[in-house]
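Reader: Could you take me through a few local features here and show me how each should be read?
Author: Gladly; let us begin with the packing of helices and then turn to the backbone and the surface.

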Amino acid sequence: MRFAVLVLAVLTVGCSNTPPSVLVFHATAGWEHASIPAGLAAFEEIAAEEGWMLTATEDAAVLQTLPDYDAVVFLLTTRDVLDRPAELALQRFIQAGGGFVGIHSASDTEFDWPWYGRLVGAYFTGHPPGTQEAVITVVDTTFAATAHLPQTWMHTDEWYDLRTTNQFVNVVLTVDEFSYKTPEQRPVLREKPIAWYHEFDGGRAFYTALGHTVESYSDPLFRTHLREAVTWAAGEPGSLDYARETVRPEPQRFEHTILADTLHEPMELAALPDGRVVFVERPGQVHLVDPAAGTDLVVAEIPVYTGHENGLIGMAASPDFAESGHLFLFHSPPNQSANRVSRFTLSGDGLADPVTIIDIPHQREQCCHSGGSLAFGPDGLLFLSTGDDTNPFESDGYAPTDERPGRQNFDAQRTSANSDDLRGKILRIRPLPEGGYEVPEGNLFPADGSRGRPEIYAMGLRNPFRINVDQRTGYLYWGDLGPDAPEPDSTRGPAGHDEINQARTPGFFGWPYFVADNKPYAAYDFADGVAGEFAVGAAPANESPNSTGRTFLPPAQGAWLWYPYSRTDLFPLLGEGGRSAMAGPVYYADQSTPPGLPTYYNGRLFMHEWMRNRVYTVAIDEYGWYGHMEVFLEDTELSRPMDLAFGPDGRLFMLEYGQQWGSENPDARLRMITFR
């Protein structure tokens with residue numbers, strides 16, 4: 001959390017002579033504080049003294065009337081107290097310029113709603129038992145809600161431990177943890193923020209962790225603290241502007257059209273410049289769909305080997321498709337232990353002129369992981385993903401690093417962590433007109449091949465099944481399907497996690513030595529079942545006899561977003577269950593013609609979870625970091641979303657695989673989504 005630097009600018013807010021209208025919301029779905037009545041009585045007395053119009057309620061439906069107020073106070077709320085209409089009402093109110101004040105357990109509220117967490121600034125994680133007297137330090141002596149306090153304030157309360165959810169707040173009070181925690185409980189840093197304010201999403205928000213005790217609400221210092229916080233948050237009474245709201249659109253404004261159904265394992269799609277769509281099915285079919293004409297033609301059947309998850313599994317249209325008609329396919333030739341990227345030309349209703357671009361060796365003795373996604377960057381370079389080509393089923397769901405003789409196909413060190421192998425990677429190449437490719441500058445290893453295969457852009461991947469490139473920033477995104485261990489093991493390593501990764505530059509992303517945010521695996525002797533040392537991210541070493549590359553690898557980079565089978569507090573909207581993370585495109589409203597999607601989605605990554613039948617939009621801040629996540633079309637029943645692409649008019653095309661693996665499914669379909 002940063003400290004305030006522009007104090008004078010914010011102190012001018014709330015200086016109107018018109019008293020504000022204030023809604024005090026005090027619903028609970030967890031612990032109910034005995035101090036709620038005292039808090040309500042204090043606000044009633046303050047309102048009488050200041051002339052506020054005050055309403056108190058525990059009915060979330062009353063939040064629909066927020067346009068009638070200037071500020072809302074969450075007084076000692078707990079857990080999930082808002083339904084979706086109430087959430088939207090609060091979000092629109094803040095975006096219209098409204099004010100929010102959270103008191104004490106307001107941080108113990110709405111854990112499933114990341115926007116609320118960023119509004120408050122932190123979430124409650126726990127507290128020492130009971131109440132204690134502690135030393136509070138006033139960090140900002142000029143802010144209205146703290147200017148009246150002594151520099152050092154002795155106060156008795158229940159002292160929360162908090163997890164920061166928004167670092168861009170202005171801290172006004174800290175508490176000395178040494179003044180109330182035992183030596184065993186004390187952290188390294190003794191001064192902990194407990195009150196702050198910030199401007200957020202168009203409005204103003206203030207949070208104080210104080211207010212647990214009944215006595216607090218009769219303390220003149222604390223009452224003034226609350227009064228001035230509400231006055232600041234209310235701003236200029238009557239100045240709400242709901243034209244500023246950017247709340248996500250209602251689901252009913254999206255029109256769904258099924259363009260094709262009863263498909264056989266649809267894999268990847270491309271939206272063409274003329275409005276048509278091409279997609280491929282794993283057994284080898286290439287479909288050309290014309291939404292305007294309502295037609296779905298099979299324009300080619302590519303002979304492929306379909307064992308061990310192989311087949312026709314990826315495709316991309318060339319950036320110059322309008323002139324060249326070139327389509328690139330990732331497929332498994334039937335009589336060769338390799339996966340191949342070929343270029344074809346779409347001519348009329350067929351594919352012609354196949355040209356081989358690159359072959360990637362791939363063994364066909366053991367399953368699994370082929371990768372197979374294709375994507376062009378804004379500079380015309382082709383990215384292609386390859387899986388680790390390693391059997392994952394005999395390592396108990398942990399890292400498959402079996403170095404025993406004859407077990408090379410059970411050792412991902414021979415591929416993902418091998419600098420001289422193209423598997424377990426994302427490659428970046430420039431296809432040549434005559435076939436083949438050249439290696440551009442700027443990949444992970446030098447172009448002369450002296451330190452590793454120069455085609456490698458990202459290595460240390462398990463199964464990067466769907467990738468995309470941000471057409472504005474050039475950032476590479478991919479979903480990496482992780483291992484299957486349901487729980488961590490103290491000797492072997494972490495539970496399995498799936499990842500969404502972002503690469504702004506080339507790098508090593510850890511597999512099979514790390515997963516998620518660089519959670520390490522231990523070296524493991526598969527012969528005697530003994531675990532050894534855990535991997536070290538700063539200097540991972542590949543000493544496997546199955547590796548032909550360099551021993552010392554680049555530092556391991558952690559995932560951008562990660563989650564296990566179970567629910568995670570970091571990314572709660574992902575829920576729990578099976579995992580298959582996939583990265584879709586980043587949407588830019590100004591790169592499409594109407595109708596397009598609303599500007600609300602501008603700059604967001606669309607990711608999809610195949611197993612959980614969900615699509616999510618991920619907001620990315622100006623620095624490229626993860627911001628927050630929302631479910632996209634949460635009321636729509638999807639059936640294994642496999643790939644996403646935006647058409648030139650901004651319509652979203654979605655391939656759905658269907659519920660049954662390895663077969664034709666009636667719910668396997670191509671969906672077109674249009675915003676109205």
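**Helix packing and local features**

Author: In this predicted model, helix α2 (residues 36–50) packs with helix α5 (residues 220–234) at an angle of about 60 degrees, and their axes are 11 Å apart. Because angles from 65 to 115 degrees would count as roughly perpendicular and those under 35 as roughly parallel, α2 is described as oblique to α5.

Reader: What is the hand of the crossing where α2 passes α5, and which residues in α2 and α5 meet?

Author: The crossing of α2 past α5 is right-handed. On the α2 side the contacts come from A42, F43, E45, I46, E49 and E50, and these meet R223, L226, R227 and V230 in α5.

Reader: How should I read the backbone angles?

Author: Most residues other than glycine have a negative phi, and most peptide bonds are trans. Against that background, R79, although not a glycine, has a positive phi of about 60 degrees, and R79 sits in the loop between β3 (71–75) and α3 (84–95). The peptide bond from W511 to P512 is cis, with omega near 5 degrees, and P512 belongs to the loop between β30 (507–508) and β31 (514–515).

Reader: Which residues make the nonpolar surface patch, and where is W625 placed?

Author: F168, Y623 and W625 together make a nonpolar surface patch of about 370 Å², and W625 is in the loop between β38 (614–620) and β39 (626–632).

Key: Residues are numbered from 1 along each chain as its sequence is written. This is a predicted model: local features need pLDDT of at least 70, side-chain atom pairs count only at pLDDT 80 or more; totals for chains, interfaces and linings use all residues. Side-chain values use heavy atoms; hydrogens and water are left out. Patches are made of residues with over 30% relative accessible area and no salt bridge: like charges are joined within 9 Å, nonpolar side chains (Val, Leu, Ile, Met, Phe, Trp, Tyr) within 5 Å. Accessible areas come from the Shrake-Rupley method with a 1.4 Å probe; for residues, only the protein chains shown count as cover. A salt bridge is a side-chain nitrogen of Lys or Arg within 4 Å of a carboxyl oxygen of Asp or Glu. Helices (H or I, at least four residues) and strands (E, at least two) are DSSP runs, numbered from the N terminus. Axes are lines fitted to C-alpha atoms, for helices over the stretch in contact, and angles run from 0 to 180 degrees between N-to-C directions. Angles under 35 degrees count as roughly parallel, over 145 as roughly antiparallel, 65 to 115 as roughly perpendicular and the rest as oblique. A crossing is left-handed if the near helix is turned anticlockwise from the far one by less than a right angle, and right-handed if clockwise. Contact means heavy atoms within 4.5 Å.
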